[in-house]
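Welcome! Here is a short tour for anyone opening this entry for the first time. Take a look at the sequence and the structure, and then read on.

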Protein chains: 2
Amino acid sequence: MKIIVVGAAGAIGQAACAELAPRHDIVTAGRSSGDIRVDLADAGSIAAMYEAAGPVDAVVCAAGEVEFGRLADMTGEKYLFGLKNKVLTQINLVLAGQDLVTDGGSFTLTSGILDRDPIRVGSGSATANGALAGFVKAAAIDMPRGLRINVVSPGLLEVSAQRYGAIFPGHDPVSSRRVGLAYAKCIEGAATGQMLPVD
Amino acid sequence: MKIIVVGAAGAIGQAACAELAPRHDIVTAGRSSGDIRVDLADAGSIAAMYEAAGPVDAVVCAAGEVEFGRLADMTGEKYLFGLKNKVLTQINLVLAGQDLVTDGGSFTLTSGILDRDPIRVGSGSATANGALAGFVKAAAIDMPRGLRINVVSPGLLEVSAQRYGAIFPGHDPVSSRRVGLAYAKCIEGAATGQMLPVD
């Protein structure tokens with residue numbers, strides 16, 4: 001399959017690419033690196049990315065940003081930042097690609113553990129993650145041409161534990177190999193409308 | 001308890017009020033009716049509402065709007081409308097109230113069934129509903145002074161079935177009585193961080 005991986009340079013994107021590259025033709029995309037540069041906040045940039053990539057059988061998105069903070073320090077703007085930069089970005093990728101991905105292809109989005117196993121500073125992330133789970137559940141039943149859509153929800157990655165572990169007390173980091181497998185399950189398997197936890 | 005119910009004039013707000021009013025002091029609020037007028041998109045209006053209400057023991061929000069449409073007809077703006085008008089509005093109500101609700105009090109938000117039992121035109125609603133479930137799960141562990149927070153997620157109400165039933169094929173409408181009970185469970189019970197389905 002030809003698979004475009006948006007956010008390929010990040011820890012999760014690398015995990016997906018490592019698992020998929022031996023068996024598939026990978027096109028990497030990202031804001032500042034990759035075969036194609038794309039700004040997911042810009043519909044024109046997304047359209048140009050699909051145009052440059054040509055027909056693809058699967059789309060992976062491993063890009064997204066949220067604000068972290070204690071509830072007392074959060075603001076509506078901070079939640080909105082995550083909803084725009086982790087949720088709407090991925091939705092826009094799906095909306096723009098629903099007529100371009102080949103018949104029977106798939107979209108695999110990325111959320112994260114914090115809506116099922118929360119941390120104190122994680123309500124912005126949890127809000128975005130929950131939104132993505134709701135989106136794929138509903139979008140799956142209205143996809144054209146047998147397209148499928150799922151969201152992988154990884155725990156803290158081992159490779160990210162040094163950087164973020166302090167705000168994830170007691171979380172058992174997950175291997176990049178297991179995260180990569182979840183993308184393979186979504187792309188090579190048959191599930192749709194699912195949130196796949198990697199705990 | 002003194003309970004403020006935002007969106008009290010709607011079908012869900014009426015259901016909550018009918019259950020709670022015999023045992024509690026209810027202050028109704030809404031955009032165009034109620035004891036207090038409030039615009040949840042306006043932080044100043046929310047602050048003025050809390051000021052007018054005085055100390056409250058519980059806050060119910062049964063207000064929210066989303067865009068409905070087939071995936072092929074949806075746009076990023078339509079999802080953003082729901083995220084702003086059903087999710088951020090309720091989050092803003094919590095943020096503004098977290099220092100004002102009395103010790104041990106509660107927030108009870110409202111989502112809906114479409115992220116667990118989707119309909120074709122419901123991905124905007126499902127996205128917002130999922131976001132609210134994620135938010136309360138995470139916010140619950142960072143609430144001050146023993147405050148609790150939950151979200152009631154009702155199915156299509158019997159009283160709304162004539163208006164909306166056509167887009168909910170096979171859904172079995174729920175009684176306003178059962179919807180009202182869910183708010184009582186949240187306010188008079190001890191749960192926190194929960195999504196309470198009313199199916």
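Let's begin where the two chains meet: two salt bridges are found across the interface of chain A and chain B. Please keep in mind that this is a predicted model.

**Where the chains meet**

- One salt bridge pairs B:Arg70 with A:Asp142, and their closest N and O atoms are 2.6 Å apart.
- On the side of chain A that touches chain B, the elements giving two or more residues are α3 (76-97) and α4 (123-139) of chain A.
- Sorted by class, that side of chain A has 20 nonpolar, nine polar and seven charged residues.
- The contact draws on 36 residues from chain A and 36 residues from chain B.
- Together, chain A and chain B bury about 2800 Å² between them, and 72% of this lies on carbon and sulfur atoms.
- Six residue pairs are in polar contact across the interface of chain A and chain B.

**The sheet of chain A**

- Chain A has an open sheet of seven strands in the order β3-β2-β1-β4-β5-β6-β7, with parallel pairing.
- At its edges stand β3 (36-37) and β7 (195-198) of chain A; each has a single partner strand, so one side of each is left without a neighbour in the sheet.
- Strand β5 (residues 106-110) and strand β6 (residues 148-154) of chain A run parallel and are joined by five bridges.

- In chain B, seven strands form an open sheet with parallel pairing, and the order is β3-β2-β1-β4-β5-β6-β7.
- The edge strands are β3 (36-37) and β7 (195-198) of chain B, each with a single partner strand, so one side of each has no neighbour in the sheet.
- Four bridges pair strand β1 (residues 2-6) with strand β4 (residues 58-61) of chain B in the parallel sense.
- B:Val5 has B:Val60 as its bridge partner in β4(B).
- Across β5 (106-110), β6 (148-154) and β7 of chain B lies helix α4 (residues 123-139) of chain B, which runs at about 160 degrees to β6(B).

- Side chains of opposite charge can pair when their charged atoms come close.
- The whole structure holds 12 salt bridges over all chains.
- One of them joins A:Arg23 and A:Glu188, with the closest N and O atoms 2.9 Å apart.
- A:Arg23 sits in the loop between α1 (11-20) and β2 (25-30) of chain A, while A:Glu188 belongs to helix α6 (residues 176-188) of chain A, so the pair ties together parts that are 165 residues apart in sequence.

Terms used: Residues are numbered from 1 along each chain as its sequence is written. Chains are lettered from A and ligands numbered from 1 in the order in which they are written. This is a predicted model: local features need pLDDT of at least 70, side-chain atom pairs count only at pLDDT 80 or more; totals for chains, interfaces and linings use all residues. Side-chain values use heavy atoms; hydrogens and water are left out. Two strands pair if DSSP finds at least two bridges between them. Contact means heavy atoms within 4.5 Å. Axes are lines fitted to C-alpha atoms, for helices over the stretch in contact, and angles run from 0 to 180 degrees between N-to-C directions. Buried area is the accessible area (1.4 Å probe) that two parts lose on being put together, summed over both. A salt bridge is a side-chain nitrogen of Lys or Arg within 4 Å of a carboxyl oxygen of Asp or Glu. A polar contact is a pair of N or O atoms within 3.5 Å; within protein, one must be able to donate a hydrogen and the other to accept it, and residues adjacent in sequence count only if both atoms are side-chain atoms. Ala, Val, Leu, Ile, Met, Phe, Trp, Tyr, Cys and Pro count as nonpolar, Asp, Glu, Lys and Arg as charged, and the others, Gly among them, as polar.
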